[in-house]
Each structure stands twice: as C-alpha cells, then as structure tokens.
Amino acid sequence: MKFTGRNVFVDPTATIGKDVRIGDNTTIYPNVQIGDRTVIANDCVIGEPLSDYYTNSSYSQPKTIIGSDCLIRSHTVIYSSTTIGSHFSCGHRVTIRESASFGNHCRIGTMSDIQGDCSVGSYVWLHSNVHIGQQSRIGDFVFIYPFVVLTNDPYPPSSELIGVEIEAFAQISTGARLMPGITVHEHALVGANALVTKDVTSFSCVVGNPARHVKDVREIKFKDGATAYPWPLRFERGMPWEGIGFERWKLQRQDQ
Amino acid sequence: MKFTGRNVFVDPTATIGKDVRIGDNTTIYPNVQIGDRTVIANDCVIGEPLSDYYTNSSYSQPKTIIGSDCLIRSHTVIYSSTTIGSHFSCGHRVTIRESASFGNHCRIGTMSDIQGDCSVGSYVWLHSNVHIGQQSRIGDFVFIYPFVVLTNDPYPPSSELIGVEIEAFAQISTGARLMPGITVHEHALVGANALVTKDVTSFSCVVGNPARHVKDVREIKFKDGATAYPWPLRFERGMPWEGIGFERWKLQRQDQ
Amino acid sequence: MKFTGRNVFVDPTATIGKDVRIGDNTTIYPNVQIGDRTVIANDCVIGEPLSDYYTNSSYSQPKTIIGSDCLIRSHTVIYSSTTIGSHFSCGHRVTIRESASFGNHCRIGTMSDIQGDCSVGSYVWLHSNVHIGQQSRIGDFVFIYPFVVLTNDPYPPSSELIGVEIEAFAQISTGARLMPGITVHEHALVGANALVTKDVTSFSCVVGNPARHVKDVREIKFKDGATAYPWPLRFERGMPWEGIGFERWKLQRQDQ
C-alpha cells in the first residue's frame, strides 16, 4: 500500500537504517541519520536546513538524528541539528525546529510545534497542538495536553528568552499557559486554561487565571473513592513499569 | 488549472464517483469510496491506514467513505474507517482520524483535528483549529469556533475516556474548553475562553473560568433591540430552512 | 540541496522574478507574481483559487502578488487575490486566504491562519498559530503571540462580521481573545489568556477574563529597575530603527 517509492527523495549523504520505510513525496535532506525500522510517512521534510541556508552560500548542514523504531506521520517537518531518540512517534504536521533533543519513547500529537533549542526527556507525551517555546526543559514522564503553551519572553518583544522547566511526572492540562521562567515541579497537575504565573510545587494542583493552588493531587479521588494520584500507580500503558507496576519498577531501578 | 493529474496516486481498489476531481500530489489509498462530483484538492492523503498497518503484516484496510458533492481542501488527511456524508467541505490541513462519522452538509475549518471514535451530525460547522476528542457526540446544527477543545480524560493520564456531548443548535465560542463527560444542551451558548466544568442547560449562556450561567440566550438583544436567539430565526445561510424560514421548515418536517 | 526542481509546477502565466528559488513539490497557479530573490520552499500552493473556481466554469483567477526577498516555508497555502510586500517571511503550513494585504518586513509563524479580507501593516510579527479573522486591521510594528484569536462575529452565527483593529506598537500575548469590533490602541499590552471585551486605551496593560486595566505599560520595570516600555526604546532587532535607535529614527522620519 504505502512505501512504493513514489516521488521520494533521499539525499545520498543520508544514513538510512535497516528496514526503514519512507512514504510518498517525502524529502530527506543531507546529513540525516535514521535508525533501523523507523517509518517516515508521506509528504514529510526531514533535515530541513536552518535559516542560514537560504542566505549563506557557505552554509554547512548539521546532522539530524532520528532513532530506531520511530513513526513519523505525514506532513511533518524536522529541522537539521535536532536529535530524536528511539521509539518516538508523532502525529501529522508536527514541526520540530533546530537544536531540539528528545529522549526515547516520546509521543507527539498532530500539529505540535516544537520551537527548537529545547530538551525533552523520555516517555514524554505531548497531545495535539502543544507549543514548546525555545529554551524549554521537560523532564521524563511528562504529559501535556492540547493548546498548551510554554512561553519564554518575559518582556515582549525581547531577545532574552527564559524557558519554562517542567519536572518529571507533571501533567499540564488543555489550554494552560506557562509564563517565562516558571518551574512546574514533580507530580504537579496544572488545570485546563490555567495561567501559571509562578512556580508550582511538587504534587500541587493549580487552576484559574492566575493559577492558584487548590489541593494536593494526592487528595484527588475517583468517583469510587480510590486515589487517582500519583498517576503512575494506576497508569501503565506504554510506560516502562507496564506489567510490573511502578513501585516494583522503582525498586528495580534503584538496584541497578 | 488544477486537476491535471500531476503526481496523483489512486489505488485500483478505490471507487471513484462521476466527475470527481483530484488535485496534484494527492494519494488515495485502498478501499476508499468517493461520491459523485466531490473534489479532493492538492497534497491530501485519503484512507490513511490505521496504526496497526505499520506493525501488523496481516493488516486489513477498512473502508473509507466520502459522500457526493464534497470539497476537501489541500494537505488534509482522512483516515481509513471514517464515514463522511454528502456536501461536506473542509479547509486546509484538516485531520480526521479513524471511526469518525459525519452527517451531511458539514463544514470543517482549516487545521481542525478530529480525533476519531466520534460522531458529528448534519449541518455542523466547525471553524479553524477545533479539537474534537475521542468519544465526542455532536448533534445537528452545532457551531464551534477556533481553538475550542472537547476533552475526554477525567483523570489524566488515563485510558478510560468520557466524551463530551453537544446537542443540536448549541454554539461554542472561541477558546472554550469542555471538560470530560459534560453535556451542552440545545440552544446553549458557551462564551469565549470559558472553562465548562458542568452541564449547560438548554438556552443557557455561560461564561468565565469556571463557566457560570449569566443569562438566558433569549434575553440577548442586538443593538437595535431585536432578539438575537434562538439563532435559526435569523440565520439561514446554508441551512435547510434557507428561503422558507425556520418555523415553516419545522412545520414541514413535522408533516413528514 | 534544495531547489532541484523535483515535481515543481509553475503556471506559464506566473511572473517569476530574478533569482527566485522554488522548492520540491510546490505548485504555483496562474496569475501569481513573485518578486526577485524570493524563496518558496517545499510542498506549497501559491495562488490557491477562490472557492468559486470549484463550481463556476467561467471563473477568472485574480492576481496574487508576493514581493521581493521573501521566504515562504514549506506546506504554506496562499490564496489568489492576496498581496504580500517585500521581506516577508513565514513559518510552515501558514494559510493566507483571499483579499489579504500585508505590508513589508512582516514575519508570520508556523500554522498561522489569516482568514482573508484583512489588512496587516509593515514590521508586524505574528508568532505560531495566530488566528486573524476576516475584517481585521492591524497597524505597523504589532506583535501577536501564539493562539491569539481576532474574532469578528458579535452574535454567532451571523453573516455581519465586525473585525478587530490593532493599532501600531501594540502587543497581544499568548492565548488572548479579542471580541468583535474591539480596538486595541497604540502601545497597549494585552496579557496572556486575556478575554478582551472592550477597547484598550493607549499604553494600557490589561489582563484577565474579562480583561481589566492593571497598569500603564510605562510602569513595567525589568528586575534591575529599568523601564521596559515603550518597547521600541530597547528592542531593535529587525526594526527600521536598528542601529540608530527609535528616537532618532522618528526624527529622521519627521524630516522626510
């Protein structure tokens, strides 16, 4: 069905792993390295040159690295100089700009917009249309929902950008906006449409505009009275503790 | 001008109606059925295979059905197993995932993101960049404006999704977010940037974060003092009561 | 690297300036005029025909004008009848619909959605995913950040649209929504996620839902106590006063 090679361009300097499949109309530019078994779907541009390319005749194209076992869906653009780990998957029309780094097992939703000069850990799930500003740092096991923005300009317009930091296990709900330089600490939960203007402490649930602490996430109960957070105790799908449980997984890690 | 057949691929198992036109660079995958006179513009992917295709060598591609007299604009992706009625039109870069169903005469704006496993009635207009989560149910004659999100995860992250229901004639303004499991009843009006955390009763206008009832929509007046709602009494363009009026149309329907 | 002419279509009636470069898979429709040294990247559609084209066999394609020294990034769609000045640059997947006009030196972010029938001045920077409704008027030196919406329908749904006006030097932060017919006056600053329901006076900083005046922007200080606004006194990058300063530039302009 797919992968018939129709109108596919792969630059001869690209390094393509074993059993890689590339969809129709896709363009792979120089110095791209793609790991084994990765799928790049239709109409993508991988290794998009930096802005400098358009104006500087002595431009030199940096390496673009995409790990093994990834799935890049259609119409996605990934810039040169970016590094993506293994088992990454993304939706359609994702943009990942220059000097971004992703760990392993990340999932990025349709139309998410990663502005570059940022770092993202492993097992991070961004839903559709998440906007990650430059200088953002995102830890492992973070979930971010649609239309969230990690801003970075404290006095717009300015050239001094101060990114947002989101620590491991935090959850940022739909439509929340995080002001420049904010840190959201481990296991915090930011509510939908919240405007986060100061740091959020570990395990804090904040809501509103401006966002205020309303409770400890460990007080949030399901309708049947069971405890909903910390979420790794009940959610395992796609996580490294799948099948063994979070507590046992933590112990195994400590043993290593 | 368009429709010269440049770099178009149509799978031999696709069923293409009379006078269908297909734009440059577009890909039509197996088991797609397209009704008469429908236009698929440039750079689209129709019948995108389900995720299973990439990993399962015995994958079987479900049917994709697009009705007659539709207009699908460029860079749109429609997944296999989805069904779209007649007279559908959409903007650019729309994503419609698997197992979605649309009635007739729907209009979907540029970059709207329909997550699949959802049902949409007839004469529904979604503006640009509307996000419809899985398990959503939308009635007839609903209008939704840019950057609205119908969420579905009550305790993120979880795998038990509870969709939003929007009943006929409701209006959801720009940037509103609807929490999982909420029902917005007939003729309600949700204000811009509202965060809707509980059901909205028929004819209620709600605003704010969290959203609160501020008035009955039938109290909303134009500057000249005329009544603005229920809106079908004054807005006819593209609606089935165009030319005859809403009240007469309702009577005709009852007679049938 | 780029610009090898792979699967590029340029209509013979298009007027292409000197040293123009056109990326792979891009389509240039009739009556498009492109200025010298402009770059159109991959997978774009320039001169997209108006809706009328699909149904009217006597359709006549209006002119599309793109100035010199522009950079249009990949997957962008620009409609016929739109005019864009020189030194324009845009991100990926931008949509610019019919009868839009842009001055010179504008920068438009990835996935921004310009609905047409609107006018934008010079040196306007729109970040990613900005939504400009029909009938909007934007002055010179305006900055607008992600997911901002300029609305236009005072009684949805209706056909009588009343656009937003944004005067020179104003700043509209992430996620703000501006109600139909609002004017934001010179040098105003609209806060993140604000819902602007009435006019904003010059130099006013407004925040919240609904937005309220909190201070004069000239009272906003950097951490070191220096004054942050009016911003042209401290931000010069890409502006016509770069290298000479805003005050001197203003004097030079008055002399002319």
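Let's start with one residue pair: Arg21(C) sits across from Val39(C), which belongs to β6(C). The strands here, β3(C) and β6 (residues 39-40) of chain C, run parallel and are joined by 2 bridges. Strands are DSSP runs (E, at least two residues), numbered from the N terminus, and two of them pair if DSSP finds at least two bridges between them.

Zooming out, chain C has an open sheet of 11 strands with mixed pairing, in the order β3-β6-β9-β12-β15-β18-β21-β24-β27-β29-β30. β3 (21-22) and β30 (212-216) of chain C each have a single partner strand, so these edge strands have one side without a neighbour in the sheet.

## How to read the model

This is a predicted model, in which local features need pLDDT of at least 70 and side-chain atom pairs pLDDT 80 or more, while totals for chains, interfaces and linings use all residues. Residues are numbered from 1 along each chain as its sequence is written, chains are lettered from A in the order in which they are written, and side-chain values use heavy atoms, without hydrogens and water.

## Where chains A and B meet

On chain B, 46 residues are in contact with 46 residues of chain A (heavy atoms within 4.5 Å). Tyr54(B), Tyr155(B) and Pro157(B) lose the most area to chain A on the chain B side, together 23% of what that side buries (accessible area, 1.4 Å probe, lost on being put together).

The two chains share 1 salt bridge, a Lys or Arg side-chain nitrogen within 4 Å of an Asp or Glu carboxyl oxygen. Lys2(A) and Glu48(B) form a salt bridge at 3.1 Å, N to O.

How values were computed: Buried area = accessible area lost by both parts, 1.4 Å probe. Helix = DSSP H or I, 4+ residues; strand = E, 2+ residues; numbered from the N terminus.
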